[in-house]
Structures are given as structure tokens and as C-alpha cells.
Amino acid sequence: MTEEFFQTTWDKILNNIKTNVGESVYKVWFSYFEPKNYSHGYLKIEVPSKFVKDWLEKKFTQIILRSIKDVIPEIKNFELIVSTKPTLKVNYKEKLVKKTQTIEKHLSIFEINPQTNLNPRYRFDNFVVGPSNELAFTACQSVAKSIGKLHNPLFVYGPVGVGKTHLLQATGNEALRIHKKIKLKYLTTEEFTNKFINSLKNHSVEEFKIEFRDVDILILDDVHFLSGKNASQEELFHTFNYLYNLSKQIIFSSDRPPQLIPDIEARLRSRFEGGLVIDINPPDYETRFAILKLKSQEKGVIFDDFVYDIIAQKITKNIRELEGALSSVIFRYNQGEKITIEKVEDLIKKFSKDYYKKVSPKKIIKTLSEHYDVKEDDILKKSRIKHLVKIRKLLIYFLREINQLSYPSIGEILKKDHTTIIYSYEKIAKEIKDNPLLSQEIEILKSKILEN
Ligand code: ADP
Ligand code: MG
């Protein structure tokens with residue numbers, strides 16, 4: 001292979017592929033795609049594993065061939081060969097460096113925009129598209145391009161952890177990128193409801209109305225939360241009509257279709273149904289695999305495919321759990337542990353709900369006490385010292401997430417009213433979602449708690 005081929009021709013081919021498949025798919029499947037040999041119209045291309053080879057052949061043969069033909073018209077065919085060199089693993093030291101850089105990068109780009117409430121980490125180019133979310137993805141892309149004109153409202157529904165929030169926020173981020181000057185608000189329905197109730201209390205309903213009517217796009221996440229909340233439903237109904245009549249774009253998400261949300265006024269339900277209603281399903285194996293690969297690359301670590309394969313085989317419903325399992329493998333890896341098939345299988349076992357139930361609240365308290373070097377008794381005491389308040393919030397979070405205790409039972413352990421517990425839980429859950437460092441701390445703690 002000549003230098004020149006490498007630098008210009010090959011770059012052009014890769015660019016063609018990228019244009020065809022999109023940034024995220026490209027990153028996942030084509031980042032180790034290398035020309036090996038060209039003779040008599042046949043091009044041999046090296047790929048990192050048998051899995052990648054099979055997948056590319058199954059899905060992308062035509063695209064690859066077209067992309068090559070465009071640059072080398074005399075091409076007859078290409079052949080994918082599995083690389084024999086173990087180049088994929090960067091050495092440990094190098095990876096650690098990479099890792100810190102990634103964290104720093106995350107810190108600066110993960111700041112939530114206070115005006116729009118959007119998190120820049122949710123983008124179309126890091127959303128893996130597969131059969132389970134293809135339609136929703138396409139609809140969101142169209143909405144971002146022609147806001148208020150095509151699908152209004154857009155109503156996306158699906159179970160927890162399938163990427164609804166990611167898609168909605170990506171739509172907002174993309175719309176802002178394209179249209180620059182538009183005004184946009186993203187918020188969860190719970191935030192909408194709370195803000196409305198507060199405005200009633202503070203006699204500031206007018207300000208509330210202005211805030212949500214002075215936008216070109218309103219994105220309301222988890223709208224099923226409105227079930228049974230009559231006053232907020234009514235307010236949303238009026239907000240909706242106001243925006244809709246001005247051809248402003250409205251986007252909703254929900255954990256179920258409009259007709260299945262209980263205790264919703266008929267007129268609001270019919271608004272939900274009035275545009276495009278579209279579902280997202282749990283991803284199939286290939287999509288899960290691709291998501292894992294992408295998330296892993298984002299975190300600056302590349303494993304052998306067996307790691308992604310085992311996780312994608314075992315965790316099938318919720319992408320957040322998929323990410324959690326991956327993080328725990330990355331954590332072990334960064335501790336210097338050797339990542340073997342057995343180790344990954346063992347770690348994955350701990351992500352099942354049945355396993356969680358075997359962990360005792362005592363174990364959680366003990367782990368927190370050791371990790372933060374404070375006495376167990378001090379954690380349970382009603383102290384206002386900032387450090388202890390944080391640990392207590394983490395305790396509530398784990399008692400809920402791992403032990404799956406009810407709010408009143410957690411209240412008994414901490415000698416607090418269950419409404420206080422709900423408040424603390426929701427606060428810390430939001431913080432974890434918004435703060436990548438805290439979420440990493442959670443993963444570390446979780447690994448310790450789930451250790452034998
Ligand atoms: P939901 O709102 O449906 O509960 P989220 O949008 O919060 O789910 O998704 C959970 C996690 O999974 C997020 O970190 C998100 O980035 C990730 N995720 C979901 N779907 C995809 C996808 N198709 N590609 C990449 N990441 C995804
Ligand atoms: Mg969500």
C-alpha cells in the first residue's frame with residue numbers, strides 16, 4: 001500500500017462512508033478500518049474482529065462498495081479480513097491518560113445550559129440508531145429541521161431507559177444548532193408541575209405563563225407524570241393551545257401512549273394524540289452492542305468484543321443498566337484488574353434485581369462508612385454537617401436503588417418522615433444524572449457495595 005493511497009484515497013473513502021452512515025455508526029464500526037492491499041481491482045481491508053467483519057458484511061456491504069467506487073471507479077470488489085495484530089488494546093498507562101482527559105472534557109461540556117435546560121451530552125451523533133428507535137430518531141431529526149411544521153406535537157413514548165430523554169434533548173440541541181436564534185425550553189413534567197404550583201403560591205402565575213409561552217420549542221419530558229394532577233393539566237392545556245396556534249413546536253415523552261395514561265382529561269389526551277405519536281422499544285442485540293462500544297469509546301477505553309458481547313447478551317431492557325454494567329467493568333479495569341470472560345460474567349450477575357435484593361442495608365452503611373471514613377453511627381445521626389448530609393443522601397439513594405426499599409421503610413431506618421425521604425431521593429437522583437463526577441462516584445460505591 002503506498003503512502004499516497006493511505007493519505008488521500010483512503011481518507012476520501014472513509015469520508016464517503018461517514019457521510020452515508022452518520023457519525024455515531026461510523027465511530028462504532030469503522031474506527032479500525034484499514035486498507036491492507038490493493039491489486040487488480042480487489043481491495044483487502046483489515047477489521048479488528050470477526051464480529052465486526054460479520055456485522056459490516058451483513059449491514060454495510062453496499063455502502064462500503066459504493067464509497068470505494070466513488071473514489072476508485074475501477075474497483076471490482078473488496079474483502080474484509082480480520083486483523084491478526086493485537087493492536088486494539090492501548091497499553092494501560094496510555095489509557096489512564098486518555099481517561100483523565102475524557103473526564104476533563106466531560107466536565108466542561110456537560111454543563112447544562114441554564115436558559116434552555118439542555119444537556120449538551122445528548123446529541124444525535126452519539127445516539128445509536130437501530131430498528132427499535134429508527135422511526136423516533138427520524139421523526140426527531142425532521143422536527144429539529146422544520147420546527148412547528150411537520151409533526152406537531154411530537155409524542156414519543158417507551159419504557160424506562162430506552163433513550164427518550166436522550167432523543168428529546170438531542171432534538172433540542174440540534175434545533176438550536178440549525179436555527180441559532182430560536183428560544184427553547186426543555187423540562188421534565190415534574191419540574192413544570194412544581195413551577196406551576198410555586199407560581200400559584202407566590203402569586204406569580206403571569207410570569208410562569210410568560211416563561212413557557214415565549215418559546216419556539218417546548219419540550220416536556222415524562223408527561224405521564226401529569227396523571228391525576230388536574231390543575232397542572234389545565235395549565236398545560238392552555239399553554240399547549242397558545243403555542244400550537246402560533247405554530248410553535250411541542251414535543252412530549254411518556255412511558256406509555258396517550259390513551260393509556262390514566263386520569264388525564266380527554267381534551268388534553270386528544271392534544272397529545274393530535275400530531276405524531278411514535279414509540280421507542282428496548283434495543284435489539286446489535287444495537288445494544290453498538291451502544292456499549294460507543295459509550296466505551298467515549299470513556300476512552302476499548303475492550304475486546306467479548307466484553308460488549310457478554311453485557312449485550314445479558315442486559316436486554318434498559319440502556320441505563322447497560323451503561324452501568326459497562327462502567328463497573330471499566331472501573332475494575334482501571335483498578336488494574338485483568339478483564340476476563342469470567343470476571344465480566346460475574347460482574348453482570350450483580351446487575352440483576354435478584355442479586356440486589358440479597359444486599360443488606362447494613363452492608364451499604366458499612367461501605368459508605370469505610371469509603372468516606374466516617375463512623376456508621378454518624379451517618380445515621382441527624383447531623384447538618386455538609387459531608388454527612390451528602391453521605392446520608394447517598395444512603396437513601398442506595399437503599400432505594402439497590403435494596404429497593406419503600407420510602408416509608410427508608411424513613412424508618414433514618415428516623416425521618418417519608419416525604420423528606422422522597423425529596424432527598426429525588427434531589428440526589430437528579431444530581432447524579434447531571435453531574436458526571438458524582439455519577440462516577442456512585443459507580444465506584446456500587447461496585448464496592450456489590451462486592452462479595
Ligand atoms: P429514558 O428517558 O427513555 O428513560 P434515557 O434517554 O435517559 O432513557 O437513556 C438512558 C441512557 O441510555 C442515557 O445515558 C442515554 O444516553 C443512553 N442511551 C439510550 N439510548 C441510546 C442510544 N440509542 N444510543 C446511545 N445512547 C443511548
Ligand atoms: Mg427520561
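This is a predicted model: local features need pLDDT of at least 70, side-chain atom pairs count only at pLDDT 80 or more; totals for chains, interfaces and linings use all residues.
1. A helix here is a DSSP run of H or I with at least four residues, numbered from the N terminus.

2. How many cavities of 30 Å³ or more does a search of the whole structure find? The search gives 2. The second largest cavity holds about 60 Å³ of space. Along with α21 (436–450), helix α13 gives two or more residues to the lining of this cavity.

3. Next comes an open space, the second largest pocket, with a volume of about 800 Å³. Its lining is made of 35 residues, and those closest to the pocket centre are Val 21, Ser 24, Val 25, Val 129 and Phe 137.

4. Which helix gives the largest share of the lining of the second largest pocket? That is α5, with 6 residues. Each of α1 (3–21), α2 (23–30), α3 (50–71), α5 (134–145), α6 (164–179) and α11 (285–298) supplies at least two residues of this lining. Sorted by class, the lining of the second largest pocket has 17 nonpolar, 10 charged and 8 polar residues.

5. Now to ligand 1. There are 19 residues around it, and the ones that come nearest are Val 128, Gly 161, His 166, Arg 320 and Glu 323. The shell around ligand 1 divides into 8 nonpolar, 6 polar and 5 charged residues.

6. A polar side-chain atom of His 166 is 2.7 Å from an oxygen atom of the ligand, and for a polar side-chain atom of Lys 164 the distance to a ligand oxygen is 2.9 Å. Gly 163 takes part through its backbone, with an N or O atom 3.1 Å from an oxygen atom of ligand 1. On its own, ligand 1 has 560 Å² of accessible area, and the protein covers 97% of that.

7. Which elements give two or more residues to the shell around ligand 1? They are α6, α11 and α13 (319–334). And where does ligand 1 sit relative to the domains? Domain 2 (124–279) and domain 3 (285–355) both give residues to the shell, so ligand 1 lies between them.

8. Asn 152 and Pro 153 are joined by a cis peptide bond, with omega at about -5°. Pro 153 belongs to the loop between α5 and β4 (154–157).

9. The other point concerns Asp 373, in the loop between α16 (361–372) and α17 (376–380). Phi of Asp 373 is near 55°, which is a positive value in a residue other than glycine.

Key
Residues are numbered from 1 along each chain as its sequence is written. Chains are lettered from A and ligands numbered from 1 in the order in which they are written. Side-chain values use heavy atoms; hydrogens and water are left out. On a 1 Å grid over the protein atoms alone, a cavity is a set of points where a 1.4 Å probe fits but cannot get out, and a pocket is an open set with protein on both sides within 12 Å along at least five of seven lines; lining residues have an atom within 4 Å of a point. Grid points are joined across faces, edges and corners, and a volume is the space filled by probe spheres set on the points. Ala, Val, Leu, Ile, Met, Phe, Trp, Tyr, Cys and Pro count as nonpolar, Asp, Glu, Lys and Arg as charged, and the others, Gly among them, as polar. A residue is near a molecule or strand if one of its heavy atoms lies within 4 Å of it. A polar contact is a pair of N or O atoms within 3.5 Å; within protein, one must be able to donate a hydrogen and the other to accept it, and residues adjacent in sequence count only if both atoms are side-chain atoms. Accessible areas come from the Shrake-Rupley method with a 1.4 Å probe; for residues, only the protein chains shown count as cover. Domain bounds come from an automatic or database domain assignment.
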